[in-house]
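Dear colleague,

Please find below the structure that I am handing over to you. My notes on the fold and on selected residues follow it.

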Amino acid sequence: PIIENSALVQQTRLRAQRAEALRRIASLASSDATRDEILSFAVRELTNLIHPDVAGIFLVDSQRERLAFHRASYYGQLPDLPRLPREDRQMLVTDVQYPFTVTGSQRVFQSGDLQEETTIIPFYQRVIEALGLRSAVVVPMVVRNDGIGEVWLGSRTPGFFNKGDLQAVVTVAGQLASVVEQSYLVEQTDENLRRRVEQVSAIDRIN
């Protein structure tokens, strides 16, 4: 009974920590903070909660041309990923591998031992090898059935992540997807306004 009670107390404490972390992320996501600030804060909250060795986000750019590593969101003591060549940190959406990414397929990827996986695409293999990962959770960021990125958590310990960790990442990924989509809409609006100003200025000069 003592052991059972101790386990229940620990589970209750962990649930409370998860709920509080998710509340803080949701609060910031609805604030006036910038996209990079929100993404970085969310990754830090996840790492404080789950304690992976590395964490980060890959995003599809606003032109929907490429999936690229979001450097500002990176967390970890291993600097290898940000220092990878650019071609190993991004992928064109026209690449034959893209439909098999988590973003392209919109499917969660979780592995307790990456060394035993035989269907990982080369793009992911380079990232995994650079970081020396043995287990990982990768969750898609989806808005209106459109994949716009993916949240990565990785560990050098096999079997590190559990179902509770996955649920927390899925919840956070859903919140961050809305933040990223909103930032893209703002960028597009600003670009349209800039073009209109340039057109009006050009007409004035012609007149």
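Two strands are taken to pair if DSSP finds at least two bridges between them. Strands (E, at least two residues) and helices (H or I, at least four) are DSSP runs, numbered from the N terminus. In that sense β4 and β5 pair in antiparallel fashion over three bridges, and Ser 111 stands opposite Ala 136 in β5.

The model is a predicted one, in which local features need pLDDT of at least 70 and side-chain atom pairs count only at pLDDT 80 or more, while totals for chains, interfaces and linings use all residues. Residues are numbered from 1 along each chain as its sequence is written, and side-chain values use heavy atoms, with hydrogens and water left out.

Overall architecture

The chain holds five helices and six strands, in the sequence pattern α-α-β-β-β-α-β-α-β-β-α. Of its 207 residues, 41% count as buried; buried means under 20% relative accessible area, exposed over 50%, and partly exposed in between (1.4 Å probe, protein chains only). The chain exposes about 11900 Å², of which carbon and sulfur atoms supply 51%; accessible areas come from the Shrake-Rupley method with a 1.4 Å probe, and for residues only the protein chains shown count as cover. Contact means heavy atoms within 4.5 Å. Among contacts with a separation of 6 or more, 63% are between residues 24 or more positions apart.

The sheet

The six strands form an open sheet in the order β3-β2-β1-β6-β5-β4, with antiparallel pairing. Its edge strands, β3 (90-92) and β4 (109-111), each pair on one side only. Neighbouring strands are turned against each other by 15° on average, direction ignored; axes are lines fitted to C-alpha atoms, for helices over the stretch in contact, and angles run from 0 to 180 degrees between N-to-C directions.

Strand β6 (residues 146-155) has nine of its ten residues buried. Six bridges join β6 to the antiparallel strand β1 (residues 54-60), and Gly 56 stands opposite Trp 152 in β6. Nine bridges join β6 to β5 (residues 135-143), again antiparallel, with Glu 150 as the bridge partner of Pro 140. β5 and β6 form a hairpin with two residues between them, and Arg 144 in the turn has a positive phi of about 50°.

Helices on the sheet

Helix α2 (residues 35-50) lies across β1, β2 (66-76) and β6, running at about 55° to β2. Helix α4 (residues 122-131) also packs on the sheet, where it touches β1, β2, β3 and β6; its direction makes about 30° with that of β6.

In helix α1 (residues 2-29) lies Ala 21. What covers this residue? Leaving aside neighbours within four places in sequence, Ala 21 is in contact with Glu 45 and Leu 49. Ala 21 is buried, with a relative accessible area of 3%.

Ser 111 lies in strand β4 and counts as buried at 3% relative accessibility. The side chain of Ser 111 reaches the backbone nitrogen of Asp 113 at 3.3 Å. This is a polar contact, defined as a pair of N or O atoms within 3.5 Å; within protein, one must be able to donate a hydrogen and the other to accept it, and residues adjacent in sequence count only if both atoms are side-chain atoms. Beyond its neighbours within four places in sequence, Ser 111 is in contact with Glu 117, Arg 134, Ser 135 and Ala 136.

Gln 97 lies in the loop between β3 and α3 (102-105) and counts as buried at 15% relative accessibility. The side chain of Gln 97 reaches the backbone nitrogen of Phe 123 at 2.9 Å. With neighbours within four places again left aside, Gln 97 is in contact with Met 91, Ile 121, Pro 122 and Phe 123.

Aromatic residues

Rings of Phe, Tyr and Trp (its six-membered ring) pair if their centres lie within 6.5 Å; planes under 30 degrees apart count as stacked, over 60 as edge-to-face and the rest as tilted. By this rule there are seven aromatic pairs. One of them is the edge-to-face pair of Phe 160 and Phe 161, at 5.1 Å centre to centre with 85° between the planes. Phe 160 is partly exposed, with a relative accessible area of 29%, whereas Phe 161 is buried at 10%. Phe 58, Phe 69, Tyr 74, Phe 123, Tyr 124 and Trp 152 form one aromatic cluster.

With kind regards
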